[in-house]
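Subject: Structure handover

Hello,

My notes follow below it.

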Amino acid sequence: MPSSPPKTLRWGIIGTGAISKTFCLDLLIDPKTRGVNDLAHQITAVGSRTVEKATQFIEDNGLGKQAKWFGSYEEVYSSPDVDAVYIGSPTSQHYGNAKDALNAGKHVLCEKSLTVNAAQAEILASLAKEKKLFLMEAIWTRFFPSTIAIQEFIASGKIGDVERIFSDLSIDFDLPGLAPDATIINPNLAGGALLAVGPYSLLWCLLPVFPHPSPITLPTIAAQITLDSKAAIDIHTSAVLTFPPSVSEAHALLTSSLSNVSPPCEVLIQGSKGQLKFIGPTYRPEGYIFSFKEKGREEERMEFPIPTEGMGYFWEADEVARCIFAGKLESERMTLEDSITVMKICRDQEAGRANLPGGNREDLDSITFDGRRREG
Ligand SMILES: NC(=O)c1ccc[n+]([C@@H]2O[C@H](COP(=O)([O-])OP(=O)(O)OC[C@H]3O[C@@H](n4cnc5c(N)ncnc54)[C@H](OP(=O)(O)O)[C@@H]3O)[C@@H](O)[C@H]2O)c1
C-alpha cells in the first residue's frame, strides 16, 4: 500500500535575529534525512519590525518565494498561510508576542525563557487552553534522541537512586566586546545568565528526578547571583536545589555564567550504583560514560551521532508538528506546567540572591526580571 503523503506544518517566523536564523535553517532540512516520513515543514511568512530585515532574512537564508515578508509581527499572526508561529524575539517580548499570536488563532512555539515570570506563563497557558491552541517553550534539548536515551537509562535504575547532580552551562561571551544593547546582556530585554543560559543547567537538575512535576511541589533553593555592575544583569548564577523527600533525596547543584567557560564535564549525575558523565554540551548532549561504583566493572560508553546537517532544532519542530496534527494542546515532553515550574524556580533563585524569606515567594510573582533590573 502506498504510504500517505507527509502532512506539512506552515510556519510564520517572528524576529530575524540569531536564533530565528538557526531555527529556520534546521526547518529547511528534509525530515526524511532523519528518518521522519510523516511530516514536513514549510516557512510561509517572516515578520520583522522592518520590511528591510524581513526581506533580507528571506534572501540570506534561501527561504524562496514560498515565504512572504511582513514589516510587522501582526501581519504574520493574521496570515491565513500560517498554522504555527515561532517566536524568536528577546525574552522580554515573549509574553506580548505569544499572547497576540494566540489571540489571532495561531499555535505557538516560543523561545526560552517562555516569559519573565511565572504569572505571565500561567496567563499564556490558560489562554492557549481557552483558545484550544498548542503552546510550547522551545527547550530543544528535551527532544534530542540522546536526552531521551539518558532519561531512559536513569529510569532503568542502573544508576541507582540519584544522589547528586552537577549541571553547568557557562559560555564566555566576551562581555566587554559586546554592544551594550546586545540582547543577552540587555536588562530591558531580560538578558542575563539566569534566563539566557540558566534554563539548560536547570533542565538537567529536573529531568533525572522531577521531569514533569504535577501538581507542582517546588524544590527549596539556596542561591547566589552575581550582578555585573556595568551591564546591570546577572553574570553568574549558582543554586542548590533540595527536592521534597517524596520526590527525591538528591542534591542538585546548578551553575551558569556569561563570562566563564564550563568545566570539561558539564553534567554529572551520581547515583547509589554509579555515575553518569555527559559527553558534549549541556544543551546538546552527545552521549555519556557510565561508571559503576562496584569495583572491577568496566565503564559503559554510549555516543549518539550528532547531526551532520543542522543543529538539532528540527526535533523540537517535529514534536510541534506531530502534536498539532494529533490535536494536542501541549507536548508531553515539555509541558506548560514544566515552563511554569522553571519560572518559579528562577524566581526563587532571585529570592535566594535577595535573601528574601521563602514566605515572600508570592510577592515576587508579579515582579518581572526586566522590571526588577530597571528598578536597580
Ligand atoms: N534555544 C536556543 O538555543 C537559543 C539560543 C539563543 C537564544 N535563544 C533565545 O532566543 C531569543 C532571542 O535571542 P537571539 O540571540 O536570537 O537575539 P537577537 O539576535 O538579538 O534577535 C532578537 C530579534 O528579536 C527581534 N526583536 C523584537 N523586539 C526587539 C527589541 N525590543 N529589541 C531587540 N530585538 C527585538 C529583532 O528582530 P526584528 O528586528 O526582525 O523584529 C531581533 O533581531 C531569546 O529569548 C533567547 O533566550 C534561544
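How far is an oxygen atom of the ligand from an N or O atom in the side chain of T91? The distance is 2.8 Å. Please keep in mind that this is a predicted model.

Ligand site

K53 has a side-chain N or O atom 2.6 Å from an oxygen atom of the ligand. For W140, the corresponding distance from a side-chain N or O atom to a ligand oxygen is 3.4 Å. In total, 22 residues lie around the ligand. Those that come nearest are T16, S48, K53, Y73 and T183.

Domains

The protein splits into two parts. Domain 1 runs over 7–140 and domain 2 over 145–311. Their centres, taken over C-alpha atoms, are 26 Å apart. Twelve residues of domain 1 and 14 residues of domain 2 make the contact. W140 is the residue at the end of the domain 1 range, and its side chain is the one with the 3.4 Å distance to a ligand oxygen.

Interface

Domain 1 and domain 2 bury about 1,100 Å² between them. Of that area, 66% is on carbon and sulfur atoms. What about charge pairs and polar pairs? There are zero salt bridges between domain 1 and domain 2. Five residue pairs are in polar contact across the interface, with both residues at pLDDT 80 or more.

On the domain 1 side, two elements give two or more residues each: helix 1 (18–27) and helix 4 (91–103). Helix 4 provides the largest share, three residues. The domain 1 side as a whole divides into five nonpolar, five polar and two charged residues.

Salt bridges

The count comes to eleven salt bridges. One of them joins the side chains of D83 and R10, at 2.8 Å from N to O. This pair links distant parts of the chain, 73 residues apart. D83 is in the loop between helix 3 (73–77) and strand 4 (84–87). R10 is in strand 1 (residues 7–14).

Backbone points

Most residues other than glycine have a negative phi, and most peptide bonds are trans. Two places depart from that. The peptide bond from K112 to S113 is cis, with omega near -10°. S113 is in the loop between strand 5 (107–110) and helix 5 (118–131). K132 has a positive phi, near 60°. K132 sits in the loop between helix 5 and strand 6 (135–137).

Best wishes

Terms used: Residues are numbered from 1 along each chain as its sequence is written. This is a predicted model: local features need pLDDT of at least 70, side-chain atom pairs count only at pLDDT 80 or more; totals for chains, interfaces and linings use all residues. Side-chain values use heavy atoms; hydrogens and water are left out. Domain bounds come from an automatic or database domain assignment. Contact means heavy atoms within 4.5 Å. Buried area is the accessible area (1.4 Å probe) that two parts lose on being put together, summed over both. A salt bridge is a side-chain nitrogen of Lys or Arg within 4 Å of a carboxyl oxygen of Asp or Glu. A polar contact is a pair of N or O atoms within 3.5 Å; within protein, one must be able to donate a hydrogen and the other to accept it, and residues adjacent in sequence count only if both atoms are side-chain atoms. Helices (H or I, at least four residues) and strands (E, at least two) are DSSP runs, numbered from the N terminus. Ala, Val, Leu, Ile, Met, Phe, Trp, Tyr, Cys and Pro count as nonpolar, Asp, Glu, Lys and Arg as charged, and the others, Gly among them, as polar. A residue is near a molecule or strand if one of its heavy atoms lies within 4 Å of it.
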